[in-house]
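Subject: Handover of a structure, with findings

Dear colleague,

Please find below the structure that I am handing over to you. My findings follow after it.

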Amino acid sequence: MERRNVGILGATGAVGQRFIQLLADHPWFNITWLAASDRSAGKTYAEACAWRLDTPLPERIAQMVLQPNTPESAGDDLPRIIFSSIDAPIARELEPKFAAAGCAVISNSSAFRMAPDVPLVVPEVNVDHFDVIESQPTRKRSGGFLVTNPNCCAIGLILPLAPLHQHFGIEKLFVSTMQAVSGAGYPGVASLDILGNVIPYIKNEEEKLQEEIGKLLGAATATGFEPLASPVSAMCNRVAVVDGHTECVSVKLKKPATHEKIIAAWQSFQPLSGRGLNGLHLPSAPAYPVEYAPEDTRPQPRLDLMRGNGMATTVGRLRPCNIFDWKFTLLSHNTIRGAAGAAILNAEILAVLGKFDFRKFPAVNQSNQELITA
């Protein structure tokens with residue numbers, strides 16, 4: 001696989017740091033451009049960023065100078081692949097500009113997740129939704145496009161839901177989340193608010209989770225997306241855990257399922273292993289996207305967070321539900337699988353699918369945004 005240059009929007013934030021950590025030695029992608037807000041642009045990354053991850057800041061990245069977060073600031077050095085980890089209001093303004101400039105924008109922002117022509121993708125679940133890229137106006141004009149990954153809780157939840165939906169069908173769903181403080185970014189929730197406490201409200205989180213599950217399990221159509229009709233009810237809480245979102249799930253299925261059949265569906269769920277992706281190993285894809293923990297006291301963030309290098313959902317406590325059919329508990333890493341790692345896996349799939357072949361599209365003069373025909 002050709003190694004491609006990439007850039008990162010929002011490089012100094014919590015998810016931006018995770019992008020840098022995961023991409024530092026990536027065999028397919030090479031970080032050549034970092035952008036941040038006006039207060040950080042012009043500084044070296046080390047000067048502007050308070051690095052908070054448990055691995056050293058790569059020296060090459062530390063010395064890179066942060067650029068203004070506009071396509072024009074990069075000139076002809078603008079990478080055609082951009083990872084975005086900026087807040088939704090800023091993303092609504094900036095991400096379309098990068099797509100218009102001929103970039104593939106792989107976004108972790110919520111700004112365009114529910115747009116009718118923007119794929120919301122977890123590759124193990126709905127990789128076929130990437131085809132909608134070709135209907136985006138910027139794709140036709142400059143080759144640029146926009147794709148998104150879901151909310152951090154939706155990603156952790158959709159992985160065990162997808163095989164259940166495939167084998168038995170989902171009639172209705174209830175989920176209650178216990179979300180880590182890292183999901184709020186930095187500085188996030190004040191310590192006096194969260195220590196020894198649970199906050200039963202995260203703005204817009206329940207709405208995002210309910211909508212995104214429907215789009216993920218729905219169908220891509222010629223006019224956009226037809227969401228799954230099954231109702232989803234979510235309750236979202238912030239808890240005093242650093243990393244790792246825990247979710248308690250109750251599900252009513254359309255077909256009868258036994259305890260053994262549900263576990264078998266999870267354990268056999270390997271949609272990216274040895275199937276039609278040109279036979280290439282995807283560097284970020286876990287061998288088993290769903291891992292079942294049979295112990296009564298699992299999963300736990302301290303013990304199960306890094307399964308599949310942080311890219312797998314751990315499921316446990318599968319048991320009958322007195323109201324629906326079955327209930328279980330899951331755990332996922334909210335800043336790896338739920339954010340940066342999800343976007344990187346999407347980019348790996350896009351590379352294999354040939355969506356980064358921009359040779360058939362005209363280049364863009366970044367100084368005046370005019371197309372340059374070959």
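In which loop is Pro-187 found? Pro-187 belongs to the loop that runs between β7 (170–179) and α9 (191–194). Please bear in mind throughout that this is a predicted model.

Cis peptide bonds

The bond that leads from Tyr-186 to Pro-187 is a cis peptide bond, and its omega is near 5°. A cis peptide bond also joins Arg-298 to Pro-299, here with omega near 10°. Pro-299 lies in the loop between β13 (290–293) and α12 (301–304).

A pair of packed helices is described by the angle between the two axes and by the distance between them.

Helix α1 (residues 14–23) and helix α13 (residues 336–352) have axes that come within 9 Å and cross at roughly 55°. The crossing of α1 with α13 is right-handed. On the α1 side, the residues in contact are Val-15, Arg-18, Phe-19, Leu-22 and Leu-23; on the α13 side, they are Ile-336, Ala-339, Ala-340, Gly-341, Ala-343 and Ile-344. Sorted by class, this contact of α1 with α13 comprises nine nonpolar residues, one polar and one charged.

Helix α13 also packs with helix α8 (residues 152–167), at an angle of about 90° and with the axes 8 Å apart. The helices α8 and α13 are therefore roughly perpendicular to each other. Cys-152, Ile-155 and Leu-159 of α8 make this contact with Arg-337, Gly-338 and Ala-342 of α13. The contact of α8 with α13 divides into four nonpolar residues, one polar and one charged.

The second largest pocket

The second largest pocket has a volume of about 240 Å³. It is lined by 14 residues, of which Leu-22, Pro-283, Ser-284, Asn-309 and Met-311 are the closest to its centre. Which helix gives the most to the lining of this pocket? That is α13, which gives three residues. By class, the lining of the second largest pocket has nine nonpolar and five polar residues, and no charged ones.

Asn-309 sits in the loop between α12 and β14 (313–320), and its phi is near 55°, a positive value in a residue other than glycine.

With kind regards

Key
Residues are numbered from 1 along each chain as its sequence is written. This is a predicted model: local features need pLDDT of at least 70, side-chain atom pairs count only at pLDDT 80 or more; totals for chains, interfaces and linings use all residues. Side-chain values use heavy atoms; hydrogens and water are left out. Axes are lines fitted to C-alpha atoms, for helices over the stretch in contact, and angles run from 0 to 180 degrees between N-to-C directions. Helices (H or I, at least four residues) and strands (E, at least two) are DSSP runs, numbered from the N terminus. A crossing is left-handed if the near helix is turned anticlockwise from the far one by less than a right angle, and right-handed if clockwise. Contact means heavy atoms within 4.5 Å. Ala, Val, Leu, Ile, Met, Phe, Trp, Tyr, Cys and Pro count as nonpolar, Asp, Glu, Lys and Arg as charged, and the others, Gly among them, as polar. On a 1 Å grid over the protein atoms alone, a cavity is a set of points where a 1.4 Å probe fits but cannot get out, and a pocket is an open set with protein on both sides within 12 Å along at least five of seven lines; lining residues have an atom within 4 Å of a point. Grid points are joined across faces, edges and corners, and a volume is the space filled by probe spheres set on the points. Angles under 35 degrees count as roughly parallel, over 145 as roughly antiparallel, 65 to 115 as roughly perpendicular and the rest as oblique.
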